[in-house]
Every structure is written in C-alpha cells, then in structure tokens.
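Here's a quick briefing for anyone meeting this structure for the first time. Have a look at the model, then read on by topic.

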Amino acid sequence: MSSLQSTSPFDSPSIAARPQQVVSNSIRNNNGTYALSFEQSRRWRDVFWLAVFILHLVGLGLVLVVLGLNRFEKNDRLKIDKYTIGILENHHGLTEYYWPVYAVAGGVGALLGWTWLLLLGSRATQMMKFSLHIVTTYLAVISVFCFWAKQFFWGVAFAIGAGLQFLYIISVIERLPFSMMVLQKGVKMVWSLPEVMRVACAFIVVMLLWIALWTFGASGVVALSMGDGGRWWLLVVLSISLFWTGAVLCNTVHVIVSGMVSLVLIHGGREAGSMPSNSLMKSLQYAVTTSFGSICYGSLFTAAIRTLRWEIRGFRSKICGNECLLCCIDFLFHLIETLVRFFNKYAYVQIAVSGKSFNHSARDAWELFQSTGVEALVAYDCSGAVLLIGCLFGGLITGTCAGVWTWFRSSDRVIMMGSTSMLMGMILVGLAMVVVEGAVTSVYICYAVDPLLIQRWDNDFFNEMSEKLHQRLQHRSARAGEVLSHGRFDG
C-alpha cells in the first residue's frame, strides 16, 4: 500500500461531502485491494518479538512449575529455602492451600466473561452503563476496607484510583452518548457474526489453561519461605508476564474479529459473492502464524499508551486559566500523541486485512485518520475507555471473591491474593469484551477508507458519524483560530 498524503483535517467541513480526496489510489480501490491482500500469501512479520514471547512462555513455564512443586504437599521439596534462610523472613505454607482460591478466581472471571458474551445481544448496553457508574463507588468501598484492615498503602492506592475514575468520568461525560452509540453498533455487528463469539470463548479456555499453570506457580510463591517483600517482587514479575500473555491473547482475538468485520463491511455482507471463502479460518490462521509476532510486539505497549492518552485528553479538555499546568499537560499530550502514531489499537485492523508489521500498520492507520480528518472523531470517542472500565469492574468482582475467601483462611495474604486475582479477572473479561472493540476499530478504519461502506451497512449510523465529525472539525478549527489570535495578541 502506497503512503498516504497528509492534509489538514480543518480543510474539509464534512467527511461525507468529501469522502476520500486525499488518499492514494490503492485506498480508493479498497474493495479489490483489501480482498487481494487478504487472499495473498503473507510474510512473517516481527519475528524477533514472536521468538521473545515464545521463549518467555517456555522459560516462565519452567519457573512456575518449579515454584509450585517446591511447596506442593511438602515444605521445601526442591530445597529452595536454603537460598533465602538468613536473608529474608521465613514462613511455612503449601501450594495447595492457596491454589483453590485462585481456581475460584479463575472460575469467577471466566463466568463473567462467558456471561458477557451470552448477554451481548440483549443486555450489553445496560451492563456497560452499570459498570461505568459503579466502579468509582466500588473502588472507594474497597479503599475503606483496606484502611479498616490497616493496609494503608492499598487504601491510599484504591482511594486515588476512585478519585481518578471519578475525574475521568466527569471530564468525558458529554462524550458518553456518542461513545455508547458506537458501542451499540459494534455489538450489532458482532451479534451478526456468532462465529467470532465462539472464537472468544475458545480463547477464554486457552487463557484458563495458562492461568492454571500460572496460579500453580503463584501459589508456590505465596507459600514460599520468604518475607513479604520478596514475595511481592516475584508476584510483580509474574503479573507482568501474565498481563503480556493476556494482552497477546486479547489482541489475537482483536485481529480475528477485525479481519471478519472489515471483510463484511468491504464486501457488503457475509453472504456477498465476493466474500473470501473460509474467511474466519483464514483470519485465525494469519493471527496465530504470520501476524503473531506483530501482535506480541504491539501488546507490550498499546494498553499503557492508550490509558495514558485517555486520562491526559480528559484532563486537558477541562483545564483552563492555569497556563503553567496547561503547558505541562500539553507537553505530555504531544509526547503521547507521538507514541500513538506508532502504537495504536487500529494497527490490528491493518494487520488483519493486509498482514503488515505492527509499526507499519499503526503508522498507516494514523496517517489515514489524519489525512481524512477522522482522527477528530476517533479522539472524541471514548468507547475503548468504557470497555476498559467494564474489564476493571470484572477484575474487581473477581479480586473481591478471592480476597473474601482468603480473609477467612489467611488474613495476612488478602491483598496479595486479591490483587493478582483481580488481574486474572480483568484479562478473562477482556477476552470477551475485545470482540466489541475489534468491531469498533474496524468500523472507524472502514469509515476513513470509504464512508460509503458504513452508509451501505447502516445509513442512520453513517449520518450520526458524519454529523459528529462535522461538529468536531468545526470545534477544532475554532480552537485553532483562537490559538492563532491569542498568539498574535501576545506578539
């Protein structure tokens, strides 16, 4: 695909009036180009990161087995304690004492994920709205219980989380109606493709199998003859690994869903004669083979960058009058915007359809948005944040269940077990919610490539998107004019 030509989004009053004047010829002929790219054989991309991820899984798997076996049915079975005696505090415990708690947490997380998929067509909007409003209260309540249990660090941490969550919701409150509409259309698309929900269910099972091994080792760490400091450091390392593994599986589902949704939109429906045969199996094959290295690479960075971008955008839109603070926020904002150019979730759509490397896909997607002005709409939408808050709510429920049981078994391990169980729950619920995110990202890419693709699919939604984009471009143009006028006045 040839490079995209950049123009200012303020030059056009509406993307509907000028659907695609600035993109290259290959984008104009998107139907044939994308169909051809999807059917052609693909090269392996980002192989280095594929090797790193596989080696990480193998190495960590061995470590988890050793840590779990060391305390399984017998204290210090593998004689690891001799490396910690005299250095750290020593405690006694067995792997099987904590492993059932993790099993319950995994079951709760998987149940929440499968329930989400089951209710996707009928109650998805209500569940998202409920989680959006309840998370702040939930975090505040957990903070109070942490203070009551004399866990002051965690009490402060959850209180700060509740405050940030409340401030973020306040800062984006006017965006939520549009974001919920976008999510509803994403649900509509996914509901018409039941096979992608079956794929998500299968990946939840795969994640549960890895979690079974991970919790075996983590239980051994909790029971290890080390002080709390040593145990926490080991659990942090294991949690980072679990987060990466979970993100890789989530983004693999993202690529599969994006491939299917993009093809449906481009070809005018799954029953269209031009629709590639066995498209789901081909999407799955590409995701777990030639494009898997790109997924592993992107999964390392995209989640953290997206979260920072959401928070900074929310706070930036509410700051006024404090020039010093605004200057600092602007610096962080432009730094994050630079990173977003190379690490964004829309890359997974390009990976699914054309099989490019991650950075190439991310750059092409962002240049497409900027050249067509759709970036203004993408920046306004906070549907990804709504889904993330839903994942957080699922994680909080899972962590609470594990923490309550641990309280009655070993009260000094509540935070340790609850926090790691919370991460497990977020990943399992995220595997269910990512099907909607994959549909939403595909809709935005297809709208930027050719708005008529969305008009053909849902004319009312097309009109809503076009009207909102027109408003956002006018808003940006007005703000740019204010900045220029202010600069001339200062001069």
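Helices here (H or I, at least four residues) and strands (E, at least two) are DSSP runs, numbered from the N terminus. With that in hand, Thr 136 is found in helix H5. This is a predicted model, so local features need pLDDT of at least 70 and side-chain atom pairs count only at pLDDT 80 or more, while totals for chains, interfaces and linings use all residues. Residues are numbered from 1 along each chain as its sequence is written, and side-chain values use heavy atoms, with hydrogens and water left out.

**The big picture**

- The protein has 19 helices and 0 strands.
- Of its 491 residues, 54% are buried; buried means under 20% relative accessible area, exposed means over 50%, and partly exposed is in between (1.4 Å probe, protein chains only).
- Accessible areas come from the Shrake-Rupley method with a 1.4 Å probe, and for residues only the protein chains shown count as cover.
- Take the contacts (heavy atoms within 4.5 Å) between residues at least 6 apart in sequence: 79% of them join residues at least 24 apart.

**Helix H5 and its partner H16**

- Two packed helices are described by the angle between their axes and the distance between the axes.
- Helix H5 (residues 120-148) packs against helix H16 (residues 383-409) at an angle of about 35°, and their axes are 9 Å apart. The axes are lines fitted to C-alpha atoms, for helices over the stretch in contact, and angles run from 0 to 180 degrees between N-to-C directions.
- H5 passes H16 in a left-handed crossing. On the H5 side, the contact includes Met 128, Phe 130, Tyr 138 and Trp 148, while H16 brings residues including Val 386, Gly 390, Phe 393 and Trp 407.
- A crossing is left-handed if the near helix is turned anticlockwise from the far one by less than a right angle, and right-handed if clockwise.
- Back to Thr 136: it counts as buried because its relative accessibility is 17%. Leaving aside residues up to four places away in sequence, Thr 136 touches Ala 162, Gln 165 and Phe 166.

- Phe 147, Phe 152, Val 156, Ile 160, Leu 164, Phe 166, Leu 167 and Ile 170 make a nonpolar surface patch of about 740 Å².
- Patches are made of residues with over 30% relative accessible area and no salt bridge; like charges are joined within 9 Å, and nonpolar side chains (Val, Leu, Ile, Met, Phe, Trp, Tyr) within 5 Å.
- Helix H6 (residues 152-171) gives the most to this patch, with 7 residues.
- Val 156 is found in H6, and it counts as partly exposed because its relative accessibility is 41%.

**Salt bridges**

- A salt bridge is a side-chain nitrogen of Lys or Arg within 4 Å of a carboxyl oxygen of Asp or Glu. By this rule there are 6 salt bridges.
- Asp 458 pairs with Lys 185, their closest N and O atoms being 3.1 Å apart. The two are 273 residues apart: Asp 458 is in the loop between helix H18 (451-457) and helix H19 (459-490), and Lys 185 is in helix H7 (residues 176-191). Asp 458 counts as buried, at 8% relative accessibility.
- Arg 270 and Glu 195 form another salt bridge, with closest N and O atoms 2.9 Å apart. Arg 270 lies in the loop between H9 and H10 and Glu 195 in helix H8 (residues 194-222), so the pair ties together parts that are 75 residues apart in sequence.
- Arg 270 is partly exposed at 37% relative accessibility, whereas Glu 195 is buried at 10%.
- In the salt bridge between Lys 356 and Asp 364, the closest N and O atoms are 2.6 Å apart. Lys 356 is buried at 7% relative accessibility, and Asp 364 is buried at 6%.
- Salt bridges that share partners join Lys 185, Lys 188 and Asp 458 into one network.

**A covered helix and some positive phi values**

- Helix H13 (residues 347-354) is mostly covered, with 8 of its 8 residues buried. Just after H13, Gly 355 takes a positive phi of about 70°.
- Asp 46 isn't a glycine, yet has a positive phi of about 50°; Asp 46 is in the loop between helix H2 (30-39) and helix H3 (47-70).
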